[in-house]
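Here is a friendly walk through one structure. Please have the sequence and the 3D view open as you read.

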2 protein chains.
Amino acid sequence: MSSIFSIEHTITNGYARSGLLKTPHGDIPTPVFMPVGTLATVKALSTPELIDDGATIILGNAYHLMQRPGVDVIARAGGLHSFMNWDRAILTDSGGFQVYSLAQLQTLDDDGLTFASHIDGARHRLTPEGAVELQYQLGTDIIMCLDDCASYPADQARIIESVKRTTQWGQRCMQRMHELRALDNRGQLLFGIIQGGVYPHERIASLEQLSEIGFDGLAVGGLSVGEPLDEMYPILELLAPRLPNMMPHYFMGLGTPVELLEAVRYGIDMFDCVLPTRNARNGQALTSSGVISIKQAQYKYSQEPLDAECDCDTCTHYTRSYIRHLYLSNEILSARLLSRHNIFFLLSLMRRARAAICTDEYDSFVKTFTEKYRGN
Amino acid sequence: MSSIFSIEHTITNGYARSGLLKTPHGDIPTPVFMPVGTLATVKALSTPELIDDGATIILGNAYHLMQRPGVDVIARAGGLHSFMNWDRAILTDSGGFQVYSLAQLQTLDDDGLTFASHIDGARHRLTPEGAVELQYQLGTDIIMCLDDCASYPADQARIIESVKRTTQWGQRCMQRMHELRALDNRGQLLFGIIQGGVYPHERIASLEQLSEIGFDGLAVGGLSVGEPLDEMYPILELLAPRLPNMMPHYFMGLGTPVELLEAVRYGIDMFDCVLPTRNARNGQALTSSGVISIKQAQYKYSQEPLDAECDCDTCTHYTRSYIRHLYLSNEILSARLLSRHNIFFLLSLMRRARAAICTDEYDSFVKTFTEKYRGN
């Protein structure tokens, strides 16, 4: 078991826990939301703003960064941290999911993935070893294994194949990580990714196989990819008692505020999602009373902040009326103010979740939040 | 003459002067560059950033604001300052220039301007009195008269007409301003706008007529509208000795760094221009060695800041390589970082010009700057 992760408190009669994850760029209290900075920038925000708002770790994406600006450009800057002026932790996704969802002409074999860039059509090759090397070169704190992420829906045969390949690739990633650490151990962590779709037997098989490889953490992949919530939650329920306790658990690509809180119930510690920034650019704000669309005529004269319960910079200084005007006028400041609020909202939500876990009041916290959020 | 403006120092053998302009929202050291915040936002920037970078006054635009979001929306917020979270000074343009350059179906008569919005085609009417009332309602610190701004080129008959009408409108603006001040004097200033195109006789006539009205300041309008520099500078040279000394002189819509410094020679105190923010969104940076286009391949690996001589936040924290990547990836942060640098560059240029005036070294300052900027 890894000493990089310590559990502070686990709630009575449940799996939700608060913890601390140590990385080369700082300690991360969990549960934690990681803002997505796909292309070496959390869209519309600056890194000092993220620090002011309490972000401790952000996510980058190896698939995108290998194409733009290219790993050579980032390496020349001394790595992703100095390239983008961010000295806290970074987790990078390997690119497996993006190849399936974005790239063209992708071909999959047991040795890796070949694809044509969605930007310029250029051919690229990702192997398990190559994905680890790429992220090692980027200097990220948490490296994700290359996985074989089946699209949803997938038949059982495809899922069995993806689990088998993900395990094999996971072993190869770990082998390469060992070699790189022997050359120069920078303390970078390596996480495996559990596949298995919505098939219970395959999920358990994937978890058990990956648990033997010695990863620093385990992620749940291949969920929140289009399946209904009543297929997603049972898988989390299945995994919760079986996830190795003393390592961080990361649910990739989740989600809405209520989904995050529900996943925390199943012992999930880490989250990332483009939702807060993407929705911000579409004029949507997360609030304690649910999502609002700022373009609505009802906000034309509103002197209220986006969320009266929020302490973020946007809510402290700007009204719905002003932000609505900016959004309708297509002003960049609209994306800035809404992104900053939405990111703060999820960072703050995880901080409050953590506090509720520590005092063993998590269930009532979730109940109160969810009822208000859903307008019940 | 107005006590709102005091001259600190005028250079020996020239017109360049440093001064201090008092407004209801703070004192403004001059010469000064006013960042343009057309739609109640300096594009891509936040107001705390503008304050950090030393902006003391920004410009808004009545023509745009009356359409989006509408004066009623801004009035409901308590005025433009509180609407946009900016507690320093604001100057608003009356909209005359925008009607000529942007609006459709504009018709001009001696009583005012009728036009169809470039946004939604809605019909609007601007009269001298209406333009003052509009800006009074916005709560801006410096109100600009409605003027009759002839397009370039214009024949002499049209220019004679525009000068005559601008004087008549100026008188009506002042009359309305007196009435509003009698109701509730908020200390707002009223500036007249000198017209006359590139016709010396008409320029002098306009200046002399407006000088009798009792404005708090005078602006030079109808220049930097497409005429060559060798027609523009002679007009400034003509006006310089004739401008009332003890009031601020504002050159509307200028310009490039060298043009600003040249205009200061002719006793100009105030400037505004969309150039720094518009060029920023097009990937251009002002530097002490001239303008650079960040997309160029030569900057792909550049670990240099935009301008090695610049102390702005962008130059302190980010490389050309990173900003180039952001620009090519169409990331919002590109517009932010470049806009912040370009605005800082002009704010700083005016601060340095002021310091050089105070020590009577203005000519050598301009010579040194211009030679380096032009790569001589």
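## Loops, a strand and a shared surface

Pro69(B) sits in the loop between α2 (62–67) and α3 (71–76) of chain B; helices (H or I, at least four residues) and strands (E, at least two) are DSSP runs, numbered from the N terminus. A cis peptide bond, with omega about 5°, joins Arg68(B) to Pro69(B).

Before going on, a word on the source: this is a predicted model, in which local features need pLDDT of at least 70, side-chain atom pairs count only at pLDDT 80 or more, and totals for chains, interfaces and linings use all residues. Residues are numbered from 1 along each chain as its sequence is written, while chains are lettered from A and ligands numbered from 1 in the order in which they are written.

Chain B has another cis peptide bond, from Thr30(B) to Pro31(B), with omega near 0°. Pro31(B) belongs to the loop between β3 (26–30) and β4 (32–35) of chain B. Most peptide bonds are trans, and most residues other than glycine have a negative phi. Two residues of chain B with a positive phi, neither of them a glycine, are set out below.

| Residue | Phi | Loop in chain B |
|---|---|---|
| Asn13(B) | about 60° | between β1 (5–10) and β2 (17–23) |
| Ala44(B) | about 80° | between β4 and α1 (47–52) |

Are these residues buried or exposed? A residue is buried if 20 or more other C-beta atoms lie within 10 Å of its own, exposed if 12 or fewer, and partly exposed in between, with C-beta atoms placed from the backbone. Asn13(B) is exposed, because it has 7 C-beta neighbours inside 10 Å. Ala44(B), with 25 other C-beta atoms within 10 Å, is buried.

Now to a strand of chain A. Five of the five residues of β5(A) (residues 57–61) are buried, so this strand is largely enclosed by the rest of the structure. On one side lie Ile57(A), Leu59(A) and Asn61(A), and on the other Ile58(A) and Gly60(A), so to speak covering both faces with buried residues. β5(A) runs parallel to β6(A) (residues 89–93), and five bridges join them; two strands pair if DSSP finds at least two bridges between them. Ile58(A) has Ile90(A) in β6(A) as its bridge partner.

In chain B, helices α7(B) (residues 156–183) and α8(B) (residues 200–211) pack at an angle of about 10°, with their axes 10 Å apart. Axes are lines fitted to C-alpha atoms, for helices over the stretch in contact, and angles run from 0 to 180 degrees between N-to-C directions. α7(B) is therefore roughly parallel to α8(B), a term for angles under 35 degrees.

Finally, how do the chains meet? 31 residues of chain A are in contact with 31 residues of chain B, contact being C-beta atoms, placed from the backbone, within 7 Å. α13(A) gives the most to the side of chain A that touches chain B, with five residues. 100% of the interface residues of chain A are also interface residues in chain B, so the copies meet through the same surface. Chain A superposes on chain B by a rotation of 180° with 0.0 Å of shift along its axis (RMSD 0.0 Å), using least squares on the C-alpha atoms of residues with pLDDT of at least 70 in both. The two copies are thus related as by a two-fold rotation axis.

Technical notes:
Two residues are in contact if their C-beta atoms, placed from the backbone, lie within 7 Å. Angles under 35 degrees count as roughly parallel, over 145 as roughly antiparallel, 65 to 115 as roughly perpendicular and the rest as oblique.
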